[in-house]
Amino acid sequence: MSLKLKVNLFFTMLLLVSLLASTGVLISNARHSVQNEVEDTMNSAARLITLTLADQPLTRDLGINEQMHEMVKALSEIRSLHILMFDSQGLLFEGQPDENIESEPPKWFVDVLFPKVTPLSKRFGNGHMVIYAAPMQEISERWLDIRSILALGLVIFVFVSIFLYWGVDWFLRPLQRLLQALSGFERGDLHLRLPNFTLAEMNQISHTFNRMGQALELSTAENQRLAMLVRQSGDAILSLDHAGNITFCNSTAERLFASQTPILKGESLAHLGFANHYKQISHILENCESTENMETVLVRPDGSQVDLLLSTVPLSDNEDRVIGLICTLRDITELKQAEAARNQLRETRLLAKHMDEAQEAERRHLARELHDELGQCLTAIKTDAVLIRNRTETTEPRVFNSAQAIIDTASHIYDVVHNMITRLRPSPLDDLGLVPTLEQCIASWQSRETTINFQLDVNGTLNNLNEIMNMTVFRVVQEAITNAVRHADASEIKVKVSAEQGSEDDKLIIDIQDNGKGMVVKDFHSDVDFGLLGMRERAQSLGGKFELNSEPGAGVRILITIPLGADKTL
């Protein structure tokens, strides 16, 4: 049964009880009124008759008797009394009430209102009279009055019932909206809101409900985001009780411990394969201690190991009582492998750098030896051959020709050695610096490749670079030009070397471009292009960046950026 029906039934029953109680009061008052009126009427009629007979005694004389009979008859009709007059001989005459009643009341009403009055008997002179109550006229009048009042009460009852039905419906309408909103909340429609109501109390409830709904919606959205983060987190997240047993876990945790147990909930975390740090982990879990990024190892049944970072935070309730732990486990196996690979790469680069330095030192030593030893020997041989040639020019033609051949051979060997020395170690780099060496290198290539236009653009201060930086720039430019001449079919090669200083990050930029046929840029390792690999390794060994940009038909551009002073920090 709905609240609306209950309220309507309650008020209807209350009105009905009120109507019945009012009817009972009316009937009770009417009964007392009839009782009192009948008694008063009987006493008044008896007094009037007594006073009338005091002047003239009751006789059977026709004139007097007729006059008294008319008076008794009139009193009986007017007062609704049944009056009997007796003399010494018996019944003299009687008066009966008027039997014409306007409305016949129901029997139950007559039974309720009919007064219990003892007939009034009174003697006078030689006779007496008896008066009986006949209150049907009074009862009929009371019935008409009460019936009218009941009809009016019934109309009022119906009207009030209709008004109460409408009023209860109007009053409960906000509650129906409230119930609909609560049902929507139960279904998950937390965006539902209540409108403003006319009643101040209901309007206050509406505002309170809306604030609660907004807070609940925000809290639910936040909880959903947190739940999504927990579900989609790459870290294993577990909730533990005081004993260290798992009460909640996300999918990452299930995958992490899949080989240990098919069901994680209820398992003790410390017994899931943390043999190396079992005591320490057990102590943390038993005491609900907080720890951060503790490195540990998970040993799986197949013997494989997973490197983990373990973090724990105490879990508290609303009263700040510790009820467990929140534990996160991060798999750092790949991270440690990557760190090991980075360390190995760094060591490899340091080794490569050391080998380059050793190679350059060996080249410098070989170039010096070739210049000092072989060059002097060739000069001595050539000098002796010139003396022999000059002395035998006219006297011994054979010796002359042999001496000339020795001179030519010595000159050729000298040129070859000179080229070898230049390739091993460009002497201007030590004597003149980087810029003249680059200019000489470009001029040498221009003299050999006349169909290609070589351009060199140098910006900034390059004379204060040390030997490692100078050699890196020279080798990169040398290798890039060699590749362009051999493979690019270019008609123009531009080399730009600039030093940008005065800013927060001073750097050296090497930009080499050609307008050749270009190429499809692929991975260096798949192409096994050792020239490009060498340039990239030289740049990265000094903390720089290597960029290769090219497309078929669009030429090749090599851009290398090296921090100034990087050679001092590595």
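Figure 1. Angles here run from 0 to 180 degrees between N-to-C directions, and axes are lines fitted to C-alpha atoms, for helices over the stretch in contact. Helices (H or I, at least four residues) and strands (E, at least two) are DSSP runs, numbered from the N terminus. Residues are numbered from 1 along each chain as its sequence is written. In this predicted model, local features need pLDDT of at least 70 and side-chain atom pairs count only at pLDDT 80 or more, while totals for chains, interfaces and linings use all residues; side-chain values use heavy atoms, with hydrogens and water left out.

Figure 2. Strand 10 pairs with strand 11 (residues 492-500) in the parallel sense, over seven bridges. Two strands pair if DSSP finds at least two bridges between them. Within this pair, L456 stands opposite V495 in strand 11.

**Figure 3. Strand 1 pairs with strand 4 and with strand 2.** Strand 1 (residues 81-87) is mostly covered, with five of its seven residues buried. Buried means under 20% relative accessible area, exposed over 50%, and partly exposed in between (1.4 Å probe, protein chains only). Strand 4 (residues 127-133) pairs with strand 1 in the antiparallel sense over six bridges. Here L84 stands opposite V130 in strand 4. Strand 2 (residues 90-95) also runs antiparallel to strand 1, joined by five bridges. M85 stands opposite F93 in strand 2. The hairpin from strand 1 to strand 2 passes through two residues. In a regular strand, side chains alternate between the two faces of the sheet.

**Figure 4. Helix 4 and helix 5 pack side by side in a roughly parallel sense.** The axes of helix 4 (residues 136-187) and helix 5 (residues 200-232) come within 11 Å and cross at roughly 10 degrees. That angle makes the two helices roughly parallel. The classes are roughly parallel (under 35 degrees), roughly antiparallel (over 145), roughly perpendicular (65 to 115) and oblique (the rest). Helix 4 contributes P174, L175, L178, A181, L182 and F185 to the contact. Helix 5 contributes M202, I205, F209, M212, G213 and L216. Contact means heavy atoms within 4.5 Å. By class, there are eleven nonpolar residues, one polar residue and no charged residues. Ala, Val, Leu, Ile, Met, Phe, Trp, Tyr, Cys and Pro count as nonpolar; Asp, Glu, Lys and Arg as charged; the others, Gly among them, as polar.

**Figure 5. UniProt places a "transmembrane region" at residues 149-168.** The feature comes from an unreviewed entry. UniProt positions are given in the numbering used here, feature names are shortened, and annotations may be inferred rather than shown by experiment. In the model, the span is 100% helix and 0% strand. Its end C-alpha atoms lie 27 Å apart.

Figure 6. R177 and L194 are 17 residues apart in sequence and 7.1 Å apart in space, C-alpha to C-alpha. R177 counts as partly exposed at 36% relative accessibility.

**Figure 7. S268 sits in the loop between helix 6 (251-256) and helix 7 (278-286).** S268 counts as buried, at 17% relative accessibility. Leaving aside neighbours within four places in sequence, S268 is in contact with G244 and N245. S268 and A243 are 25 residues apart in sequence, yet 7.8 Å apart in space, C-alpha to C-alpha.

**Figure 8. N293 and D320 have positive phi values.** Phi of N293 is near 50 degrees, and N293 is not a glycine. N293 is found in strand 7 (residues 291-299). With a relative accessible area of 46%, N293 is partly exposed. D320 has a phi of about 60 degrees and is not a glycine either. D320 lies in the loop between strand 8 (305-316) and strand 9 (322-331). D320 is exposed, with a relative accessible area of 66%.
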